[in-house]
Amino acid sequence: MAAEIVNPRSESAADHTGHEGGAEPLDSFDPAFALHRGGKMAVQATVPVRDKDDLSLAYTPGVAKVCSAIAEQPELVHDYTWKSSVVAVVTDGTAVLGLGDIGPEASLPVMEGKAILFKQFGGVDAVPIALNCTDVDEIVETVVRLAPSFGGVNLEDISAPRCFEIERKLQERLDIPVFHDDQHGTAVVTLAALRNAARLSKRALGELRAVISGAGAAGVAIAKMLVEAGIGDVAVADRKGVVSADRGDLTAVKRELAGFTNKAGISGSLEAALAGADVFIGVSGGTVPEDAVASMAEGAFVFAMANPNPEVHPEVAHKYAAVVATGRSDFPNQINNVLAFPGIFAGALQVRASRITEGMKLAAAEALAGVVGDDLAADYVIPSPFDERVAPAVTAAVAAAARAEGVARR
């Protein structure tokens, strides 16, 4: 399967006007619609079928030999089908980008986009699968039944807290990697950027106190990864303030979060928590008041990653922070998941890993940070997604970590 851009002016595309009653088609004045007409992907054969001999090998009767061999030795499916090189990109359309719960059909352009990023940046084939159900157990059961066709599952744009339970249940039932990119991809790239920001300021992670705005999928995963990596302390704030054990309104996920974060015992608002903090990480939207940013420690780092409007605009952040990062491509230091997920899956698939471990994610972050090398600067703590060194570095690190942790099967 290859991810290809479909020519919006092709004959097949021209059969679908996308408008009614003679109205001007959307793609006549908007290049985004023009690019998406007909979809952004196509299936491409990897073997020729030019004559009857090719046909007899690719299909019947030749295919029967391969099927019989796999029936006798199921592990051969990895060698004689596409299974070990293809990922399912699964969503229910409940938390799509900044659009929210827009449903499975409306999520497909994003899932197609994710699939072509897998191919472009990691050489991994991916198939978008949008499910018309939102019940946790129905999603799990559906993906389990689809799993024989795939070497891994990338969960995408599924709302919290359901996403945590879906990922956990799937990983318990499947022997292939299950990875919720909104959680772990964001966490890996954030940690990589933070490692380099700390190196630039000649500080260790253990010397830093971080505050995360947002206790959803990304915020929880970032907090877990920072703790695993040895951050000095991290507090997470939701809409009601800092997540702390003394709050009586916490979900199960947030109660767990309170158990391993906020060693300082901070309570109250996000703004209060920022006083004297070394790091701000925004994954929630909203706006952080300038005076709260000004109250942070000298030489602070501000990673304001909400799109399209960062929690702290870079112009404001630069007044007070030594390093500023956003989720946008038009500012330096873009925290972009595409730096992580293609290489992580490529490495996991390369060694036929049964799952993606914390060690594999930490290795990915370290490798990603290492790409910057001696070019480290305040406006360059994380490489560009188009840096061709990124995917190979992450792939190799993840594969090595999988072997070290005993989850590799080749």
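Biologist: In what order do the strands of the open sheet of 6 strands stand?

Modeller: This is a predicted model, where local features need pLDDT of at least 70 and side-chain atom pairs count only at pLDDT 80 or more, while totals for chains, interfaces and linings use all residues. Residues are numbered from 1 along each chain as its sequence is written, and side-chain values use heavy atoms, leaving out hydrogens and water. Strands (DSSP runs of E, at least two residues) and helices (H or I, at least four) are numbered from the N terminus, and two strands pair if DSSP finds at least two bridges between them. Pairing in this sheet is mixed, and the order is S7-S6-S5-S8-S9-S10.

Biologist: Which strands stand at the edges?

Modeller: An edge strand here has a single partner strand, so one side of it is left without a neighbour in the sheet. That applies to S7 (241-242) and S10 (321-326).

Biologist: What is the bridge partner of Ala-210 in S6?

Modeller: Strand S5 (residues 209-213) and strand S6 (residues 233-238) run parallel and are joined by 5 bridges. Within S6, Ala-210 is bridged to Val-234.

Biologist: At about what angle does H10 run to S5?

Modeller: Helix H10 (residues 217-229) lies across S5, S6 and S8. Axes are lines fitted to C-alpha atoms, for helices over the stretch in contact, with angles from 0 to 180 degrees between N-to-C directions. H10 runs to S5 at about 165°.

Biologist: How many of the 13 residues of H10 are buried?

Modeller: Buried means under 20% relative accessible area, with a 1.4 Å probe and protein chains only. Among the buried residues of H10 are Gly-219, Ile-222, Met-225 and Leu-226. H10 is largely enclosed by the rest of the structure, because the buried count is 10.

Biologist: How far apart are the end C-alpha atoms of H10?

Modeller: The expected span is 1.5 Å times one less than the number of residues. For the 13 residues of H10 this should be 18 Å, and the end C-alpha atoms agree, being apart by 18 Å.

Biologist: Which residues does Leu-170 contact, leaving aside neighbours within four places in sequence?

Modeller: A nonpolar core joins buried Ala, Val, Leu, Ile, Met, Phe, Trp, Tyr and Cys residues through side-chain atoms within 4.5 Å. The largest has 105 residues, and Leu-170 is one of those touching the most other members. Contact means heavy atoms within 4.5 Å. Beyond its sequence neighbours, Leu-170 contacts Val-140, Val-143, Val-144, Leu-155 and Val-178.

Definitions and conventions. Buried means under 20% relative accessible area, exposed over 50%, partly exposed in between (1.4 Å probe, protein chains only).
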